[in-house]
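Me: Could you take a close look at one helix for me, and at what sits around it? Plain words please, I'm still new to this.

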Amino acid sequence: MRFSVKTGAPLLALALALSACGTSGGDDEEASSGGGEAGTCEDVAIGYFGALTGSAANLGINIRNGVKLAVDQFNDENADCQVSLEEYDSAGDPNQATGLATQAIGDDSVIGIVGPAFSGESDTAGPIFAEGGLPTISASATNPDLSTNGWDTFHRVLGNDASQGPAAATYIADVLESEKVFVVDDASAYGAGLAEIVEESAGDSVVGTDTIQTGQTDFSATVTAIRSSGADSVFFGGYYAEAGLLVQQMRGAGVEATFVVADGVKDPGFIEAAGDAADGTIITCPCLPPEESQDFYSAFEEAFGAAPATYSAEAFDAANVFLQGILEGNTDRESLLEWVNDYSGEGITKAITFDEDGEPENISVWAYKVENGEIVADQEIETN
Amino acid sequence: MSFLFNNFVELTVTGLVLGAVYGLVALGYTLVYGVLQLINFAHSEVWMFGSFAAVWVTVALGVAPGSALPVVIGVLLLALLAAMTVSGGVALLLERVAYRRLIRLDAPKLVALISAIGASFALAEIMGLRDRVAGWIGLRDTLDPYVRSARDNTRFKNPLETEGLFTVGGYTVSNVDVIIIVSAVLMMVALDQFIRRTRTGRGIRAVAQDSEAAALMGVNRDRIIRATFLVGGIMAGAAALLYLMRFGVTRWNAGFLLGVKAFTAAVLGGIGNVRGALLGGFVLGLAENYGSALIGSEWRDVVAFLLLVVILLFRPTGLLGESLGRARA
């Protein structure tokens, strides 16, 4: 998500749906020799950077817990190489992020950062990490521009919004087999950007577009436009508050078109606002359903007493990239950065390699579906 | 253009529904302005508290949609009563805390205005922090269904299912559409009669016309001011329930935008004019819908406010332009 507007209850309600033989993302997949470097990881820490308090805390806590699980598992398996976890609570605030980033740079034991969690704080903290040569891997920031700033320390393990849009268009065309798409956006950088990409990808099947305003509650003119266009699917680029109201008013007016939205709507707040009208909504997200990897799912549940939520698995992967590097003897920032840049390995969410901008080379976008008031995984969407 | 004409009925009905809600909230602005020449900017929060009262009634009773008709009507009436009581109560509290002393001291209008804006923020934030407030008094868990997700949308579990009644010009008018428009007009007529015919109504008109002369004639000015706030609050409570029946959710800051629109409706109709408030609401609701249809939803506010400017240029006192004090008896 580009920035956070999250306040909702923890995303615990993800139902178990699919099962798959996930790999544990452990430390032996890449390693050819591990134990030989033992004893070199004294005073080594990786950091989590993102919100732990504030209105977006839930999303950040999901990510921190993924990192914490990876570190705890690592420490259990490597008694002679103990890595500690430093937490930098930015409250999701880009202004606080700069001071915290400077603080992280100043602590020599911190050699890798999982985060920053949101795009806004990534934007302000990014130059500081680049200056300090501290490698970062974000598990959740999706603003496409972040990787174009020339920060050689920046990496992320999930596809940005430029891959999510075409994926949504693919789903609409191939899975829903919709020939008439109506595209609505909320004029935000995130929503309008996504809607534009979907519109381009969907091409001739777009039968109409409209732009609403964030904070708007009456969508009757938009609903009228959707109905008179005869669309059989509606894509909405925006956040969950407006999405909930829009779909509820669509259903209230008898519009049956399938409602398709993106990761900004993947929140229980959407279901709360839309009620029964939310059922059948398709939500795309460049995030793996946590239940895809059973080992991870059960370990996470055991550790934190709750199911992993959005971006927990991505955070687990990001932390493991660092931890494997540390085990390989890369215990300073410079060599760890090199390790991350050259990294190639299987994570639990995907095969992880980074291109020269720090973008992941393998991207997976998943479609989720709302069923009986819960967001459940539907299927992976073919990208590119 | 053809889109507007092809869907004219639908846009008109949904515009009138929205306008009815604007109009009922606008009454609160207009009444207080008529009596005190003061814009009560916290009135939007009076509405917001009423909307939560209605939501909480449905949460507490937990009535499923599609229940028997008497049950549905009973729940809705209870929600209406709760919304009116809470809104009326908040309006009275507002008068007591934010205004009374300032009015007695004859403070400049700007001071009262700032006081109102402050009260508006305070009330909205209290609702947005209601989970913490419940935590302080140790009832966070007991009150969970009422206070959770305090900063997100809260849904009104409407016991009444939306049903189409009849079709005109390709649009099926629903029971909710009819209920909202008819209730708004009825309440408007009732209020108009109240102000024209009752003793309190005469007092309101007298104070609006000349509060000192009214006091000399034996009108209790403080009591009349309280009555004015109370009536405005009750109307806002009714508006809150009607709004929820149509839009289904409320939130701690939902009052702001609606308040701005309702205030606009009051000015459009002629601030201080009770009939003008509802007319202004309808005109604004229609203008927003037609404007959206003509050039896209992102222009709805531009169209609505352009209309306001144009009307005020030619009729500076609004459409009906008659003050509360000069209403014929």
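Reply: Helix α13 of chain B is mostly covered, with 19 of its 22 residues buried. A residue is called buried if 20 or more other C-beta atoms lie within 10 Å of its own, exposed if 12 or fewer do, and partly exposed in between, with C-beta atoms placed from the backbone. Keep in mind that this is a predicted model: local features need pLDDT of at least 70, side-chain atom pairs count only at pLDDT 80 or more, and totals for chains, interfaces and linings use all residues. Residues are numbered from 1 along each chain as its sequence is written, while chains are lettered from A and ligands numbered from 1 in the order in which they are written.

So where do you find this helix? α13(B) covers residues 274-295. Helices here are DSSP runs of H or I with at least four residues, strands are runs of E with at least two, and both are numbered from the N terminus. From its first C-alpha to its last, α13(B) reaches 32 Å, close to the 32 Å expected at 1.5 Å a residue. That expected span is 1.5 Å times one less than the number of residues. Just after the helix, Gly296(B) takes a positive phi of about 105°.

Now for its neighbour. α13(B) packs with helix α14 (residues 300-314) of chain B at an angle of about 135°, and their axes are 8 Å apart. Axes are lines fitted to C-alpha atoms, for helices over the stretch in contact, and angles run from 0 to 180 degrees between N-to-C directions. That angle makes α13(B) oblique to α14(B), because under 35 degrees counts as roughly parallel, over 145 as roughly antiparallel, 65 to 115 as roughly perpendicular, and the rest as oblique.

Who does the touching? On the α13(B) side it's Leu284(B), Ala287(B), Glu288(B), Gly291(B) and Ser292(B), and they meet Arg300(B), Val303(B), Ala304(B) and Leu307(B) of α14(B). Contact means that the C-beta atoms of two residues, placed from the backbone, lie within 7 Å. By class, this contact has 5 nonpolar, 2 polar and 2 charged residues. Ala, Val, Leu, Ile, Met, Phe, Trp, Tyr, Cys and Pro count as nonpolar, Asp, Glu, Lys and Arg as charged, and the others, Gly among them, as polar.

Elsewhere in chain B, helix α11 (residues 221-247) is mostly covered too, with 22 of its 27 residues buried.
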